[in-house]
Amino acid sequence: MAVLSVSMAGKVDHRRSYEVGCSYLKDTLGLRLIEFPSVNLDEQTLHANPELRAEEINRAFEDPEIEGVIVTYGGDDSLKGLSNLNKGSIMLTATGRFSS
C-alpha cells in the first residue's frame, strides 16, 4: 500500500496519529506500507508543490507492486494537482489489483 500526502502534512503535523495508524495497518491488517516522500514534507513544501503530489499519485497507480493508495490527509489543497494526474493510468488500475 502506498502512503502519501496529497494536501496536509499528516505525518509531520500529527506524528502520533500517523504512527498509530500505520502500526494498525501493518500489525493488525498485515499490510506492507510504502511511504512516499510527500509523507515527510512540511506543510509549506507540500502546499507549494502540487505537481510533486500529483506525480506521486501517478507513480503509485502505475507501480504494479502497489495494491492500494492511502493518503494521510485529504483536503481542498489536493485539488491543485488534478490537472497533473494521469487519468488514463488511474482509470486502468483504480478498479482494483487488491489480492487476498
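How many helices and strands does the protein chain have? The protein chain has five helices and three strands, where helices (H or I, at least four residues) and strands (E, at least two) are DSSP runs numbered from the N terminus. The model is predicted, and local features need pLDDT of at least 70, side-chain atom pairs count only at pLDDT 80 or more, and totals for chains, interfaces and linings use all residues. Residues are numbered from 1 along each chain as its sequence is written, and side-chain values use heavy atoms, with hydrogens and water left out.

From the N terminus on, the order of elements is β-α-α-β-α-α-β-α. The strands form an open sheet of three in the order S2-S1-S3, with parallel pairing; two strands pair if DSSP finds at least two bridges between them. S2 and S3 are the edge strands, each pairing on one side only. Between S1 and S2, the parallel pairing extends over two bridges, and Val-3 stands opposite Glu-35 in S2.

Of the 100 residues of the protein chain, 35% count as buried. Here, buried means under 20% relative accessible area, exposed over 50%, and partly exposed in between (1.4 Å probe, protein chains only). Among contacts in the protein chain with a separation of 6 or more, 83% come from residues 24 or more positions apart, a contact being heavy atoms within 4.5 Å.

Helix H4 spans residues 50–62 and has 13 residues. From its first C-alpha to its last, H4 reaches 18 Å, close to the 18 Å expected at 1.5 Å a residue; the expected span is 1.5 Å times one less than the number of residues. Pro-50, Arg-53, Ala-54, Glu-56, Ile-57, Asn-58, Ala-60 and Phe-61 are the buried residues of H4. These buried residues pack against strand S1 (2–4), helix H3 (43–48), strand S3 (69–71) and helix H5 (87–93).

The largest nonpolar core has 11 residues in all, including Ala-2, Leu-4, Val-6, Phe-36, Ile-66 and Leu-85. A nonpolar core is a set of buried Ala, Val, Leu, Ile, Met, Phe, Trp, Tyr and Cys residues joined through side-chain atoms within 4.5 Å. S1 and H4 each supply at least two residues of this core, and H4 gives the most, with four residues. A second, separate core of eight residues includes Met-1, Tyr-18, Cys-22 and Leu-33. Ile-90, a member of the largest core, touches Ile-57, Asn-58, Phe-61 and Leu-85, not counting residues up to four places away in sequence.

Ser-38 lies in the loop between strand S2 (34–35) and H3. This residue is buried, with a relative accessible area of 0%. Leaving aside neighbours within four places in sequence, Ser-38 is in contact with Leu-4, Ser-5, Leu-46, Leu-52 and Glu-56. The side chain of Ser-38 also reaches the backbone nitrogen of Ser-5 at 2.9 Å.

The structure holds one salt bridge, defined as a side-chain nitrogen of Lys or Arg within 4 Å of a carboxyl oxygen of Asp or Glu. Side chains of opposite charge can pair when their charged atoms come close. The salt bridge joins Glu-55 with Arg-59, the closest N and O atoms being 3.5 Å apart. Because Glu-55 and Arg-59 are four residues apart in helix H4, they are separated by about one helical turn. Glu-55 is partly exposed at 45% relative accessibility, and Arg-59 is likewise partly exposed, with a relative accessible area of 36%.

Key. A polar contact is a pair of N or O atoms within 3.5 Å; within protein, one must be able to donate a hydrogen and the other to accept it, and residues adjacent in sequence count only if both atoms are side-chain atoms.
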